[in-house]
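Welcome, and thanks for taking a look at this one with me. Please have the sequence and the 3D view open as you read.

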Amino acid sequence: MRKIIALTVIAAALAVSACNTISGLGRDVSAAGSAVTSGAEQAKN
């Protein structure tokens, strides 16, 4: 029973950290896209 509880806690911790990582990656990609768009607008003008 202890092993099942321990595995459940570990799996939950990994799932939560993975969500935070994916969320951070999404923000980074969004910021990079904004920088590219801004650079393209400045080059166009």
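## The first residue

Methionine 1 is exposed, because its relative accessible area of 75% lies over the 50% cut-off. Keep in mind as you look around that this is a predicted model. Methionine 1 sits in the segment before helix H1, which runs over 2–44.

## The chain as a whole

How many helices and strands does the protein chain have? The secondary structure comes to one helix and zero strands. Along the principal axes, the C-alpha trace spans about 65 × 5 × 5 Å.

Now for the surface. Of the 45 residues in the protein chain, buried ones make up 2%. The chain exposes about 4000 Å², and 69% of that area is supplied by carbon and sulfur atoms.

At 54% relative accessibility, valine 9 counts as exposed.

Is alanine 18 exposed or partly exposed? With 37% relative accessibility, alanine 18 counts as partly exposed, because this value falls between the cut-offs of 20% and 50%. The C-alpha atoms of alanine 18 and lysine 3 are separated by 22 Å, and the two residues are 15 residues apart along the chain.

## The salt bridge

A search of the whole structure finds one salt bridge. Which residue pairs with lysine 44? The partner is glutamate 41, and the closest N and O atoms of the pair are 3.7 Å apart, which means that they fall within the 4 Å cut-off.

Lysine 44 and glutamate 41 are three residues apart in helix H1, so about one helical turn separates them. The two partners can also be described by their accessibility. Lysine 44 is exposed, with a relative accessible area of 61%, whereas glutamate 41 counts as partly exposed at 40% relative accessibility.

Key
Residues are numbered from 1 along each chain as its sequence is written. This is a predicted model: local features need pLDDT of at least 70, side-chain atom pairs count only at pLDDT 80 or more; totals for chains, interfaces and linings use all residues. Side-chain values use heavy atoms; hydrogens and water are left out. Helices (H or I, at least four residues) and strands (E, at least two) are DSSP runs, numbered from the N terminus. Buried means under 20% relative accessible area, exposed over 50%, partly exposed in between (1.4 Å probe, protein chains only). Accessible areas come from the Shrake-Rupley method with a 1.4 Å probe; for residues, only the protein chains shown count as cover. A salt bridge is a side-chain nitrogen of Lys or Arg within 4 Å of a carboxyl oxygen of Asp or Glu.
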